[in-house]
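Student: I have a new structure to look at. Can you show me how to read it, feature by feature?

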Amino acid sequence: MTDIQQSYDYVIVGGGVAAASAVTGIRSSDDSGTVAVIGSEPDKPVYRPALSKDLWLKDDATLAGSSLAGDLDDDDHVDLVTDTTVTAIDPDAHVVRLADGTAVTYGKLLLATGAEPRTLSVDPGPRVVYYRTAADYQRLRGLVGADSHVVVVGGGYIGSELASALVQNDVAVTLVLDLEDVQEQMFPRALAASLTKAFADRGVTVVHGSVAGGEETGDGVRIRLDDGTDITADAAVIGVGVLPRTGLAEAAGLDVDNGIVVDEHLRTSAPDVYAAGDVASYPDALLGRRRVEHVDQAEKSGEHAGRAMAGSGDTYDYTPFFWSDILDAGYEVVGETSSALDMVEDWKDGQVGTGVVYYLRAGQVRGVLLWNVWDSVDKARELIAETAEEPVSDPETLRGRIPFE
C-alpha cells in the first residue's frame with residue numbers, strides 16, 4: 001500500500017474504472033494537483049468487463065493486461081492506495097477518515113464507491129464466489145478446470161456471462177434460474193427462450209428454483225433450492241445483481257435515492273463532493289434520472305467528474321450503452337431495456353437471431369437492444385432523442401428504423 005498524505009487537492013474514494021477515469025479527467029486541465037485514489041480492494045483498478053469476458057475467452061488476455069493503474073502509477077502527484085477502507089466523510093470539514101483512524105483532508109472529493117453484490121442465504125467462502133472483483137476472478141480460476149463442475153446462480157447479466165464463459169472453457173455448468181428463461185427480465189420472451197435453449201444445447205444443465213441455502217463441503221459446495229433439491233458442485237458462482245454502495249454518503253447526510261443523487265455536473269448535495277459510476281443517480285439528458293451499472297457509464301461519468309472537480313462547467317449529457325457476448329451471440333444496448341416495457345421486435349427474416357428490439361413507454365423509445373447488430377449505438381440514441389420530442393403514434397412504424405443486413 002502506498003503511504004497516504006494528510007492532505008490532497010483531490011480525493012477519490014473507490015478503486016475501480018470510474019476512479020481511474022476521474023484521474024484522466026482531472027489531468028485534462030490540472031497537470032500537478034495532488035490526487036489520492038483510495039480503494040478497498042487489494043488489487044489496483046482493472047477493466048472490470050475483462051473479468052467475465054476476455055480473461056476467459058482470449059488466450060492472450062491477462063489480468064495484468066487488464067490493469068488501469070499504469071497512468072496512475074506513473075504520475076508522481078497521484079497516490080494509489082489499495083486495501084484501505086474509508087469509514088466516514090465529513091463534508092463540512094472536507095475530511096475523509098480511514099479505518100486506522102487517519103484523517104485526510106481534500107479540496108474536492110469524488111465518491112466512486114461502485115456497487116456490491118446482492119447476497120443470498122449462502123455465505124461467501126473459498127468455493128462460494130459472489131463474483132465482482134479481480135480477486136474473485138483469481139479465486140474462481142483456481143477452482144475450475146476442464147473436468148470441474150460449477151453451479152451458477154442467476155440468469156441475469158453477470159450470471160449469463162459467466163455461464164457462457166465457463167462452458168466455453170469446458171467446465172460443466174448447472175445454471176439456476178428463478179425465472180423461466182435467461183435474461184427474461186430484459187429480453188423479449190422468444191429471445192430469452194432461444195437463449196435458454198442455446199445454453200442447454202451447449203451442455204448447460206438449466207434448473208429452475210430459488211436458493212434456500214447452501215454451504216461449502218470441504219472439497220465442494222452444496223446449494224439447496226426451495227423445492228428441496230440439492231445441487232453439489234466444485235464451486236458456486238452467485239450473480240444475482242448488485243446494490244449501490246451508498247453507506248458513506250448516507251452517513252454524511254448526502255441526498256441518496258437509489259444511489260447518490262447528483263446534478264447535471266455530477267455534484268452531490270454537499271459542496272465540493274461529486275459522485276460517478278455505478279453509485280451515481282444522475283439526470284440522463286434523454287431519459288431522466290437513472291442509475292447505470294455498466295463500464296461505459298463508469299468511464300464517461302468518472303472522466304466528466306474529474307474534469308468538473310478541476311473546474312470544468314460542462315454538463316454531463318451522455319447516455320451510456322453496454323454490451324455482452326453470450327455463447328455465439330453478441331449485443332449492445334442503449335437506454336432502458338426492461339421486458340415490462342412495451343416492445344417492438346424487428347428480426348431478420350422474422351426469426352430470432354439478428355435484429356433490433358425497441359422498448360417504449362407512452363410512445364417514447366426508452367431503450368434499444370441491438371442483437372448481433374453493430375455500429376448502430378448512435379442511431380439508437382438519435383431515435384430515443386427524437387421520440388422524446390415527438391412520441392410515435394404507431395409503434396409498428398419503428399420496424400426498419402435501425403437497419404441491419
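This is a predicted model: local features need pLDDT of at least 70, side-chain atom pairs count only at pLDDT 80 or more; totals for chains, interfaces and linings use all residues.

Student: Start with helix packing. At what angle do helix α1 and helix α8 pack?

Tutor: For a helix pair, look at the angle and the distance between the axes. Helix α1 covers residues 17–27 and helix α8 covers residues 295–309. They pack at an angle of about 35°. Their axes are 6 Å apart.

Student: In which hand does α1 pass α8, right or left?

Tutor: The crossing of α1 and α8 is right-handed.

Student: Which residues of α1 and α8 meet?

Tutor: From α1 come Val17, Ala18, Ser21, Ala22, Thr24, Gly25 and Ile26. From α8 come Val295, Ala298, Glu299, Gly302, Glu303, Gly306, Arg307 and Met309. By class, this contact has seven nonpolar, five polar and three charged residues.

Student: Take one residue there. Is Ser21 buried or exposed?

Tutor: Read the relative accessibility. Ser21 lies in helix α1. Its value is 12%, so Ser21 counts as buried. Beyond its sequence neighbours up to four places away, Ser21 touches Ala298, Glu299, Gly302 and Glu303.

Student: What does the side chain of Glu161 join in a polar contact?

Tutor: The partner is the side chain of Ser52, at 2.5 Å. Setting aside residues up to four places away in sequence, Glu161 touches Ser52, Lys53, Trp323, Ser324 and Asp325.

Student: Which residues is Gly330 in contact with, leaving aside its neighbours within four places in sequence?

Tutor: They are Ser324, Asp325, Leu370, Trp371, Asn372 and Trp374. Ser324 and Asp325 are also among the residues that Glu161 touches. Gly330 itself sits in strand β22, residues 329–335. With a relative accessible area of 3%, Gly330 is buried.

Student: How far apart in space are Gly330 and Thr354?

Tutor: Take both. Gly330 and Thr354 are 24 residues apart in sequence. From C-alpha to C-alpha, they are 9.7 Å apart.

Student: Let me try the pair Val95 and Pro244. How far apart are they in sequence and in space?

Tutor: They are 149 residues apart in sequence and 22 Å apart in space, C-alpha to C-alpha. Val95 is found in strand β5, residues 95–98. Val95 counts as buried, at 8% relative accessibility. Not counting residues up to four places away, Val95 touches Ala88, Ile89, Asp90, Ala103, Val104, Thr105 and Tyr106.

Student: On to salt bridges. How many does a search of the whole structure find?

Tutor: The search finds 25. Asp136 forms a salt bridge with Arg139, and their closest N and O atoms are 3.4 Å apart.

Student: Why are Asp136 and Arg139 separated by about one helical turn?

Tutor: Because they are three residues apart in helix α4, residues 134–143. Asp136 counts as buried at 10% relative accessibility. Arg139 counts as partly exposed at 29%.

Student: Which residues of α4 are buried?

Tutor: In α4, Ala134, Asp136, Tyr137, Leu140 and Leu143 are buried. The buried residues of α4 pack against α2 (54–57), β8 (128–130), α5 and β15 (235–238).

Student: Which residues are linked in a network of salt bridges?

Tutor: Look for bridges that link up. Glu215, Arg222, Arg224 and Asp230 are linked in such a network. Within this group, the side chains of Arg224 and Glu215 meet at 2.6 Å, N to O. Arg224 is partly exposed, with a relative accessible area of 32%. Glu215 counts as partly exposed at 28%.

Notes
Residues are numbered from 1 along each chain as its sequence is written. Side-chain values use heavy atoms; hydrogens and water are left out. Axes are lines fitted to C-alpha atoms, for helices over the stretch in contact, and angles run from 0 to 180 degrees between N-to-C directions. Helices (H or I, at least four residues) and strands (E, at least two) are DSSP runs, numbered from the N terminus. A crossing is left-handed if the near helix is turned anticlockwise from the far one by less than a right angle, and right-handed if clockwise. Contact means heavy atoms within 4.5 Å. Ala, Val, Leu, Ile, Met, Phe, Trp, Tyr, Cys and Pro count as nonpolar, Asp, Glu, Lys and Arg as charged, and the others, Gly among them, as polar. Buried means under 20% relative accessible area, exposed over 50%, partly exposed in between (1.4 Å probe, protein chains only). A polar contact is a pair of N or O atoms within 3.5 Å; within protein, one must be able to donate a hydrogen and the other to accept it, and residues adjacent in sequence count only if both atoms are side-chain atoms. A salt bridge is a side-chain nitrogen of Lys or Arg within 4 Å of a carboxyl oxygen of Asp or Glu.
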